[in-house]
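Work through these exercises with the model open beside you. Try each task before you read its solution.

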Amino acid sequence: MRGALAHWRQDLPASLVVFLVAVPLCVGIAVASGAPAERGLVTGIVGGLVVGLLPGSSLQVSGPAAGLTVLVFDAVQRFGLGSLGVLVLAAGLLQIAMGLLRTGRWFRAISLSVVHGMLAGIGLILILGQLYAVSGRTAPGSGGGKILHLPALAADWFTGRAATTALLMGAATVALLVVWRKLPAAVRAVPAPLAAVALAAGATALFGLDVPRVRVDGLVGAVALPTGDGFAAVAGAAGLGTVLAFALIASAESLFSAAAVDRMHHGPRTDYDRELTAQGIGNTLCGLLGALPMTAVIVRSAANVQAGARTKASRVLHGLWLLLFAALLPAVLGLIPLAVLGGVLIHAGAKLIPLRPAAALWRGQRGELLVLAVTTAAVVLTTLFEGVLIGVALAVARSAWQTSHLHIDLTDAETDAETGTGVSAGSGTGTGTGGPLKVRLSGNATFLRLPRLLDALESLPVGRAVELDWTGLRHLDHACRTALLAWAARHAADDPATVSWEPPLTVAT
């Protein structure tokens, strides 16, 4: 507390900046998730007042995240809004368990290409969904459906059948957010999302625009305690899968955000296990209140650091300002057009698409780019959880293939020729009478390279003595060991002395 008071000149203005950034994002994410706007504010309040006080990361800010919007919307559609709290509660308890078991650091082992692919998929789904929303159309339930119906949606735009006023307002919002960072510094002192929302709300009131607005029922009315129906939803396989997806994706996004924030300042580093536990406590409380799930959010966290915050007091105060705003000025939310929130989320979704990392991968590591692209497509065309699993599986398979390099060098004693390709000089099926063939294996002999290994060995001339040197192998798995023994038995069927090993090869592992 003494340290927080010492830096109040930096933390107080930083908290106001984060508050102004958080208001439109909390409201917009809640609406896009199919939940009342106040529930997004409740999550932001908990993220500030509760998680903000807990140990872990000192400067990153927690609240509802665009990265979970798609998953939350799917859960609301599948299980109902009344079950959302129980799902978030269970996910929070799982996060607490993972934090206490010290699994936080393991999230850093997830392939960065999978993470970028997941975020790109979420961003695309968010953009597609909001395109339908600002056009006054109901979005198809699946990602593939959203893509297939885009031509019909575009036709509505050009024929005037879409909600033209709302569509223009959404487009103007996106344009404003894009050009905002190029405006003078005095103008950029106001957060871009807040400026867009304020301008749209003012224009709507001034010109009497007939556009849908945010519905406000009050902060107290938004609180929904868990019910029996909600617990019944979690008991099924689909509910458990949603809980697992909430916990894993929220944890990954929070810890990746912590790593990014740590690179932005020189203060204390994040304790990943404590941060994971703190996020779990926050989500447990959000679940009890029926609010949206939370994560640490990089946009608000970056705003906090860039505004000069020094301690966790700034993020706690931002939660206090959210509470006062929601309690004292709820009618202000009713002035916000839904179209401008759609524009804010379209811009947020676009920022989730990693164009620069993808370009860097294209120049240097196209295999990783393939993992990113496949993960993105899988997230869009299946579900978020299934898409991430597909991406992780592909990344693991690619890593296993790359690390299982096997080099096969063949030297013919007669010609002293080394092919290095696994095909011997003078290979064939006839019996040879020359000196021994020397085969040297190095690298990793795993089942992934077994076809190549057998092709090389079976191409050796029958009847020639073979000296097999496998001292250079770093790993020899059971499949390759068994295949080598079987090949040696066949090759030496007539003369057991025609195959020798260095070191001796036995069946024992």
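**Exercise 1. Strand partners**

Which residue in S6 does lysine 438 stand opposite?

*Solution.* Start with the ground rules. This is a predicted model, in which local features need pLDDT of at least 70, side-chain atom pairs count only at pLDDT 80 or more, and totals for chains, interfaces and linings use all residues. Residues are numbered from 1 along each chain as its sequence is written, and side-chain values use heavy atoms, with hydrogens and water left out.

Step 1. Find the strands. Helices (H or I, at least four residues) and strands (E, at least two) are DSSP runs, numbered from the N terminus. S5 covers residues 437–445 and S6 covers residues 466–476.

Step 2. Check the pairing. Two strands pair if DSSP finds at least two bridges between them. Here eight bridges join S5 to S6, and the two run parallel.

Step 3. Read across. Lysine 438 faces glutamate 467 in S6.

Step 4. S5, helix H22 (residues 450–458) and S6 form a right-handed β-α-β unit. A crossover is right-handed if, with the strands pointing away from the viewer, the path from the first strand over the helix to the second runs clockwise.

**Exercise 2. Another partner for S5**

Do S3 and S5 run parallel or antiparallel?

*Solution.* Step 1. Locate strand S3 at residues 406–412. 

Step 1. Look at the bridges. Seven of them join S3 to S5, and the strands run antiparallel. Leucine 410 stands opposite valine 439 in S5.

Step 2. Judge the cover. Buried means under 20% relative accessible area, exposed over 50%, partly exposed in between (1.4 Å probe, protein chains only). Five of the seven residues of S3 are buried, so the strand is mostly covered.

**Exercise 3. Salt bridges**

How many salt bridges does a search of the whole structure find?

*Solution.* Step 1. Set the rule. A salt bridge is a side-chain nitrogen of Lys or Arg within 4 Å of a carboxyl oxygen of Asp or Glu. The search finds five.

Step 1. Take a pair inside one helix. Aspartate 74 bridges to arginine 78, with the closest N and O atoms 3.4 Å apart. The two are four residues apart in helix H4 (residues 69–79), so about one helical turn separates them. Aspartate 74 is partly exposed at 32% relative accessible area. Arginine 78 is partly exposed too, at 45%.

Step 2. Take a pair from separate parts. Arginine 102 forms a salt bridge with aspartate 273, the closest N and O atoms being 3.7 Å apart. Arginine 102 lies in the loop between helix H5 (84–100) and helix H6 (112–134), and aspartate 273 in helix H15, so the pair ties together parts that are 171 residues apart in sequence. Aspartate 273 is buried, with a relative accessible area of 5%.

Step 3. Arginine 398 bridges to glutamate 368, with the closest N and O atoms 2.7 Å apart. Glutamate 368 counts as buried at 18% relative accessibility.

**Exercise 4. Cysteines**

*Solution.* Step 1. Recall the bond. A disulfide is a covalent bond between the sulfur atoms of two cysteines. The search counts a pair of cysteine sulfur atoms within 2.5 Å.

Step 1. Apply the cut-off. The closest cysteine sulfur to that of cysteine 286 is in cysteine 26, 10 Å away, which is too far for a bond. The whole structure has zero disulfides.

Step 2. Check the cover. Cysteine 286 is buried at 0% relative accessibility.
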